[in-house]
Amino acid sequence: MELLFIFTFLLLASLIGLFTKKRLFIEFVSVFASIFALFGSINVAMKVVALGSYSPFSFLYVESFGAVLLLIISLIGLSTTVYSIQYLRQESAKNIIGPARVRQYFVLLNLFILFMFLATTVNSPIFSWIFIEATTLSTVFLISFYNKSSSVEAAWKYLVVNSVGLLFGFFGTLLYFTSLHSVDNGSIVSWNGLLNGATSLDPVIAKIAFIFVLIGYGAKVGLAPMHTWKPDAYSKAPTPLGALFSGALLPVAFVTILKFKTITDTVVGLSFSQNLLILFGTLSVFISAFIIFSSRNYKRLLAYSGIENAGIMALGFGFGGLGIFAGTLHMIYHSLIKSALFFCSGNFLLKYGSAKIKNIRGAINVLPFTSVVFVVGFLALIGMPPFGVFFTKLTILSAGIKNHQLFSIVLIFLVSLLFIGFLKHVTAMVFGKKPEDMSIKKESVWLIIPPLVLIGVVICLSFYIPPFLYTLFNNIVLHY
Amino acid sequence: MNILFYTILPEIVLLSIISLHLVKKNSEMVFLYGFQSIAIVLMLFCSFLTTGKLSLLLVTVVVLLAKVILAPLFFNKLILKHKLVFSVKKYVNTSFSLVIIAILIITAYSDKFTSLTNIIPANHASLSLAFSAMLLSLFLIVNSRGALSQIVAILSLENSIVAFAVFAELEQSAGLQIGIVFDIFVWMIVATMFVSMIQKHFGSIDVTSMKNLKD
């Protein structure tokens, strides 16, 4: 039942934004819906731990990976909502946006979070597709939020790439349905129904279907070469949205690919899907490693880092074995850290009024708290010990070195390159001399708390993984 | 009935997409899209007559309303509003486009995709035509310079997928039907909002005028 309440509250929060003009009320309802979603998700996760899966109705089904995703979406959703309130207030104070825009933002934000919840919990591949497509509809108007030429252009690019990608995903999904000719076609086919029918699927069709699904949903994940929309959309959308894009939408689309991978593996064995994941993963890390080095915009830098980390997750699941465990853990670390970094970048943007790296200098003097969180987040993201990403990257590499030495060696080189590229930009932004005309004011506590909490969770999870999460991870490794 | 369903209708879909690569005027493009959509409606209707499933009739009516009536009307209104007469420009010239089209059709008929076009062996020819239409729609998306022609190309890709699903006998799946209706809904909203926004910001719907993302 808690799932229905989560959906209802998020929908209500969105509708209230449509029908009332009271900003404080809209903000309060949005935060309340997000808090409820977090506690509801924790409750569902506990039930999945106890029962193995949770299905209050045949239409909804949450297994271990779904439970992890619910926790990620709800935590990132809550922190984004809280952060957005103060962020948009400051933008309103600078006359960047008006009250109507604020209402539009919260309507779309709550819808976006709702659709991600639905895509994760719905027990049907077609409905998963529909809700992921629905996220495109809600986010495209958030990308064009500032109504500038560049943001409209970014939104259009996002729309075309993702729509074509999702049509590919739709076609791939349909091909999986060819195994179900004997099933009652009037009913909605569930994920388990598709998995059970997979034995009668033609192996060549299964391969073609997986390629379409990987390209289709891979566009939403941002795997190279379908990543082209990502830097533009991230850099033009309101900054808090980057956290949800990178921290929540990426894992939702990635897990959908993994669900189809399981079906494909039962037909053609593990190696086909694993090799494709390794190929797309390596390409993603390769492209982002070289572009990060020459990046001039810190929001685009974070976008390319998202592409790199999606690649590392793909490599983890491609290498298999311990790589799956590390890939799952990497997904969580990345979601939390990247969201925190996007919040920090929002603080830089508010203070300096520029997203260009060359314009951000001496941030440690201007925004000391933000800068410290940013540096810690950066160190965590590139995999410095003792942060968890160090462990996940090392484990993925060690899983790969057994059977895919060449890819692993290339990966070591690329990760080193990424480290240097990232370090160059971060040191330039944080240290150095601040602009002469830049005043130093106290930072808003509501712009610091969300990234600080997320980094705090990452640090805790780097040293201690609670038993319930371990159970979920073990189930994921067994299933995928 | 059989000849219409298995031969003429998928040929109309394919020929309309080939023609979309060749036309110069927006109004011709919209007409071709409407014509193509009629073929899709007839396919779905034939399927309803064969199976007697009411849900298929409902989807047929929705597709008829949205793709054959509303979408062309809306596109024509946009063309008139923004005076978009000759904006169906392509990146690749006509003769080279025809060469690529021929290569794509040969690819669709090649042995590589036999499994795909043999899902229902009796419908091999129709599935090959539908798959060719998919590849040509994809090329149309890549090759189009106008926002409106990109939208029509994406909608053509969707039509091709529906045609493929009909000949693969997957159209009776409730999931597919909901998926089709939802996709139409999304694109109607998006097209309504975005083409006007692009025209307002860039003074044109030519996507090559979008050059603001160079940082």
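Author: Start with the contact between the chains in this predicted model. 35 residues of chain B are in contact with 37 residues of chain A.

Reader: What makes a residue of chain B count as in contact with chain A?

Author: The cut-off is C-beta atoms within 7 Å. By that test, 35 residues of chain B qualify, against 37 of chain A. α5 (114-117), α7 (147-167) and α8 (174-202) of chain B each supply at least two residues of that side of chain B. The largest share, 15 residues, comes from α8(B).

Reader: Which classes of residue make up the side of chain B that touches chain A?

Author: That side has 23 nonpolar, 8 polar and 4 charged residues. Gly counts as polar in this tally.

Reader: What makes the largest nonpolar core a core?

Author: Its members must be buried, and they must be joined through C-beta atoms within 7 Å. The largest such set has 254 residues. A:Met116, B:Ala163 and B:Phe164 touch the most other members. Helix α6 (residues 149-176) of chain A gives the largest share of this core, 17 residues.

Reader: What does B:Ala163 contact, leaving aside its neighbours within four places in sequence?

Author: B:Ala163 is in contact with B:Pro10, B:Val13, B:Ile40, B:Met43, B:Ala130 and B:Ala133.

Reader: How do you know that the radius of gyration of chain B agrees with a compact globule?

Author: Set the value against the rule. For 215 residues, the rule puts a compact globule near 17 Å; chain B has 17 Å, so the two agree. The C-alpha atoms of chain B fill a box of roughly 50 × 35 × 30 Å along the principal axes. Buried residues make up 49% of the chain.

Reader: How do you know that the span of helix α2 (residues 26-51) of chain B is as it should be?

Author: At 1.5 Å a residue, its 26 residues should span 38 Å; the end C-alpha atoms are 38 Å apart, so expectation and model agree. Just after α2(B), B:Gly52 takes a positive phi of about 75 degrees.

Reader: Which elements of chain B have the lowest and the highest mean pLDDT?

Author: α8(B) has the lowest, 77, and helix α6 (residues 124-143) of chain B the highest, 94. Chain B averages 85, and 92% of the residues score at least 70. For the complex, the predictor gives an ipTM of 0.91 and a pTM of 0.93.

Note on methods. Residues are numbered from 1 along each chain as its sequence is written. Chains are lettered from A and ligands numbered from 1 in the order in which they are written. This is a predicted model: local features need pLDDT of at least 70, side-chain atom pairs count only at pLDDT 80 or more; totals for chains, interfaces and linings use all residues. The radius of gyration is taken over C-alpha atoms; the globule rule is 2.2 Å times the number of residues to the power 0.38. A residue is buried if 20 or more other C-beta atoms lie within 10 Å of its own, exposed if 12 or fewer, and partly exposed in between; C-beta atoms are placed from the backbone. Two residues are in contact if their C-beta atoms, placed from the backbone, lie within 7 Å. Helices (H or I, at least four residues) and strands (E, at least two) are DSSP runs, numbered from the N terminus. The expected span of a helix is 1.5 Å times one less than its number of residues. pLDDT is the predictor's confidence in each residue, from 0 to 100.
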